[in-house]
Amino acid sequence: RSWTPPEAGAHGGDQPIGVFENLHWERYSREYRRSFVDDLLQVADATRGRRFIVHPHPAGMWFRKHGPQELPGNVVLANQAGEGMRILAGSDCIITTPSTIALDAAQIGRPVAIAQYDLADTSTYDPLQMLRSAEDWMRFIADASNPTVKQAQESFFRRVCRHGDAT
């Protein structure tokens, strides 16, 4: 790797919170999508001093097509496909729908949590924190630098990655 991302929390919480979504997938219910968007907006409203960058999945662009037309001033929508790694590296913590983004975040040392809501099986992401409500989002954001979050992230990464070449 030719670059090293800044440490999470290196700017005392003034880095943005990266929010990644792949809500275009059929596996998500209408209720899941509603909860995800509502909780994002509720948390953004409650933490106006924090900035949120929403990165829609480039294949589906669900949030851009179906999300709220007006966003609070502290929520911005990523403009281009390919911004994902820059957002991951520059964010204080990451909230994502179940996705390989969780692995990417863990790999570069970003605290990461999974929006679970009504999904029955998210065991692939154990022991990462699961979010089921705006209160869960708030707790994760406030406590993202807690050593137990880092331990869970490292445990997840060790469990899902294999050392050596892929060939």
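Since the model is predicted, local features need pLDDT of at least 70 and side-chain atom pairs count only at pLDDT 80 or more, while totals for chains, interfaces and linings use all residues. Residues are numbered from 1 along each chain as its sequence is written, and side-chain values use heavy atoms, with hydrogens and water left out.

Let's start with the sheet. When I say helix or strand, I mean DSSP runs, numbered from the N terminus: at least four residues for helices (H or I), at least two for strands (E). Here we have an open sheet of six strands in the order E3-E2-E1-E4-E5-E6, with parallel pairing. Two strands pair if DSSP finds at least two bridges between them. Strand E3 (75-77) and E6 are the edge strands, each pairing on one side only. Ignoring direction, neighbouring strands are turned by 25° against each other on average; the axes here are lines fitted to C-alpha atoms, for helices over the stretch in contact, and angles run from 0 to 180 degrees between N-to-C directions. As a reminder, strands of a sheet pair through backbone hydrogen bonds, either parallel or antiparallel.

Now go strand by strand. E1 (residues 17-21) runs parallel to E2, with five bridges joining them, and Gly-18 stands opposite Ile-53 in E2. E1 also pairs in the parallel sense with E4 (residues 93-96), over four bridges; there, Ile-17 has Cys-93 as its bridge partner. Then E4 and E5 run parallel, joined by three bridges, and the partner of Ile-94 in E5 is Val-112.

So is strand E2 enclosed or open? Five of the five residues of E2 (residues 52-56) are buried, so this strand is largely enclosed by the rest of the structure. Buried means under 20% relative accessible area, exposed is over 50%, and partly exposed is in between (1.4 Å probe, protein chains only). Phe-52, Val-54 and Pro-56 point one way from E2, Ile-53 and His-55 the other way.

Which residues does Thr-96 touch? Not counting residues up to four places away in sequence, they are Phe-20, Ile-101, Ala-102, Val-112, Ala-113, Ile-114 and Ala-115, where contact means heavy atoms within 4.5 Å. Thr-96 has 0% relative accessibility, so it counts as buried.

On to the helices. H1 and helix H5 (residues 134-142) pack at about 50°, with their axes 9 Å apart. H1 and H5 are therefore oblique to each other: under 35 degrees would be roughly parallel, over 145 roughly antiparallel, 65 to 115 roughly perpendicular, and the rest is oblique. On the H1 side the contact residues include Phe-36, Leu-40 and Val-43, and on the H5 side they include Trp-137, Met-138 and Ile-141.

Next, aromatics. A search of the whole structure finds four aromatic pairs. Rings of Phe, Tyr and Trp (its six-membered ring) pair if their centres lie within 6.5 Å; planes under 30 degrees apart are stacked, over 60 edge-to-face, and the rest tilted. Take Tyr-32 and Tyr-117: ring centres 5.2 Å apart and planes at 90°, so edge-to-face. This pair links distant parts of the chain, with Tyr-32 in helix H1 (residues 30-46) and Tyr-117 in the loop between E5 (112-115) and E6 (129-131), 85 residues apart. Tyr-32 is buried at 0%, and Tyr-117 counts as buried at 13%. Ring pairs bring Tyr-28 into a cluster with Tyr-32 and Tyr-117.

Most residues other than glycine have a negative phi, and most peptide bonds are trans. Tyr-117, though, has a positive phi of about 45°. Met-61 also has a positive phi, near 50°; Met-61 is in the loop between E2 and helix H2 (62-66) and is partly exposed at 21%. And a cis peptide bond joins Asp-126 and Pro-127, omega about 5°, with Pro-127 in the loop between E5 and E6.

Oh, and Gly-90, in helix H3 (residues 84-90): 74 residues from Pro-16 in sequence, yet 7.2 Å away in space, C-alpha to C-alpha. That's me done, thanks!
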